[in-house]
Each structure stands twice: as structure tokens, then as C-alpha cells.
Amino acid sequence: MQSELCFADIHDSDGSSSSSHQSLKSTAKWAASLENLLEDPEGVKRFREFLKKEFSEENVLFWLACEDFKRMQEKTQMQEKAKEIYMTFLSSKASSQVNVEGQSRLNEKILEEPHPLMFQKLQDQIFNLMKYDSYSRFLKSDLFLKHKRTEEEEEDSPDAQTAAKRASRIYNT
């Protein structure tokens, strides 16, 4: 039986599922680097939305799955996850196949003796593909720009300024 990775089981870099709560100016952090974007659960959520529209969500899902895999310690768990990653993203029959060089050289035998960095070269290829291709388009997308405007509007709202003044008064007394 083929085991396939369920996209709902892929968590963001902090190990939690995506949440809609974000700090102000997160878009500035996201725009600074792809690394910052991928470290922020809300950033990952927005980037996934964008990639879904571009029919390339599998790239970030593969990257996240590899990050989860690298944190695993127990061999049986690593074997299962390695097989899931292979069957979902790398196999010729993968449901969400990523386009990486050398995937044909990665055969199922390697899955029997997994190690934390076994997917690293492929993950790096996908990271670079995202960084130099989809990430730059994401920063120009309506999805990103709308989120950025919303942040700016929230920051300029009287409620935000009042809250900041109240906090300032509380801590400066």
C-alpha cells in the first residue's frame, strides 16, 4: 500500500498549523528574504495560497516536509516519513511531483536507511527555484500587496495608535 502525505498534516516551521494571527509589519519581514517568509506561519500560509494559484504549491509543501523530516530522531518514524516524501513528491507516480534534477537517482532503496539530510540537495534545489522564481512574483502579487495594505491600514488606525499610547503610559509611570 502506498502511503501518501496528507497536506493537512504539513505544519509550518514552528510546528504548529497555520494561524491567521500575525504581527504588524510581517510583510516587511517577508519581503526581506524567503527565509523570513518561511519562518513565519502566516507567511507560509499566504505563500501557499499564492503557489496554489500558480499550480506549484508542491514546492513549498516538499520544502516543509523536508524541514519536518530533518527534526525527526526515531528511525522507524524517519523511514515512514522518508517514504511519504518520496511517494508524494519524488516518485514517478507521485501525486504532487516536484521538478528536481536527479530525482530519478533517488530510488526506494535509500529509504530503508534514512538520515536527516538525505533530501537536502533536492530541498536546496526547490528552495532556489522558489527563491528565484515564485518568491519574486509573490512579492508583486495582489495577495501580498493586499496583505501589506491591510497591515499599513491597521497600523495607521486610531485604535492602534491609542493602544500604543496607552501601553506607553502604563510602562512609563
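This dialogue reads a predicted model, helix by helix and then residue by residue.

Trainee: How many helices and how many strands does the protein have?

Mentor: Helices (H or I, at least four residues) and strands (E, at least two) are DSSP runs numbered from the N terminus, and here they come to eight helices and zero strands, in the order α-α-α-α-α-α-α-α from the N terminus on.

Trainee: What share of the residues is buried, and how is the accessible surface made up?

Mentor: Buried means under 20% relative accessible area, exposed over 50%, and partly exposed in between, with a 1.4 Å probe and protein chains only; by that rule 39% of the 173 residues are buried. The accessible surface, from the Shrake-Rupley method with a 1.4 Å probe and, for residues, only the protein chains shown as cover, comes to about 10,400 Å², of which 50% belongs to carbon and sulfur atoms. Taking contact as heavy atoms within 4.5 Å, residues 24 or more positions apart account for 67% of the contacts with a separation of 6 or more.

Trainee: How does the length of α3 compare with what is expected of a helix?

Mentor: The expected span is 1.5 Å times one less than the number of residues; α3, residues 41-53, has 13 residues and reaches 19 Å from its first C-alpha to its last, close to the 18 Å expected.

Trainee: Which residues of α3 are buried, and what covers them?

Mentor: An α-helix has 3.6 residues a turn, so residues three or four places apart point the same way. In α3 the buried residues are P41, E42, G43, V44, F47, R48, F50 and L51, and their cover includes α1 (26-32), α2 (34-39), α4 (57-70), α6 (120-140) and α7 (142-156).

Trainee: Where does α6 bend, and what span should its 21 residues have?

Mentor: The bend at a residue is the angle between axes fitted to the seven residues ending there and the seven starting there, and α6 bends by about 40° at K131. Its 21 residues should span 30 Å at 1.5 Å a residue, and the end C-alpha atoms are 29 Å apart, which agrees. Among the buried residues of α6 are L122, I126, M130 and F138, and the cover of the buried residues includes α1, α2, α3, α4, α5 (75-90) and α7.

Trainee: Which residues touch the most other members of the largest nonpolar core?

Mentor: In soluble globular proteins, nonpolar side chains tend to be buried together. A nonpolar core is a set of buried Ala, Val, Leu, Ile, Met, Phe, Trp, Tyr and Cys residues joined through side-chain atoms within 4.5 Å; of the 38 residues in the largest one, L38, F47, F62, L90, F119 and M130 touch the most other members. At least two residues of this core come from each of α2, α3, α4, α5, α6 and α7, and α4 gives the most, with eight residues.

Trainee: Is S95 buried, exposed or partly exposed, and why?

Mentor: S95, in the loop between α5 and α6, counts as partly exposed because its relative accessibility is 46%. S95 and E58 are 37 residues apart in sequence and 9.4 Å apart in space, C-alpha to C-alpha. S96 is placed in the loop between α5 and α6, and S96 counts as buried because its relative accessibility is 13%.

Notes: Residues are numbered from 1 along each chain as its sequence is written. This is a predicted model: local features need pLDDT of at least 70, side-chain atom pairs count only at pLDDT 80 or more; totals for chains, interfaces and linings use all residues. Side-chain values use heavy atoms; hydrogens and water are left out.
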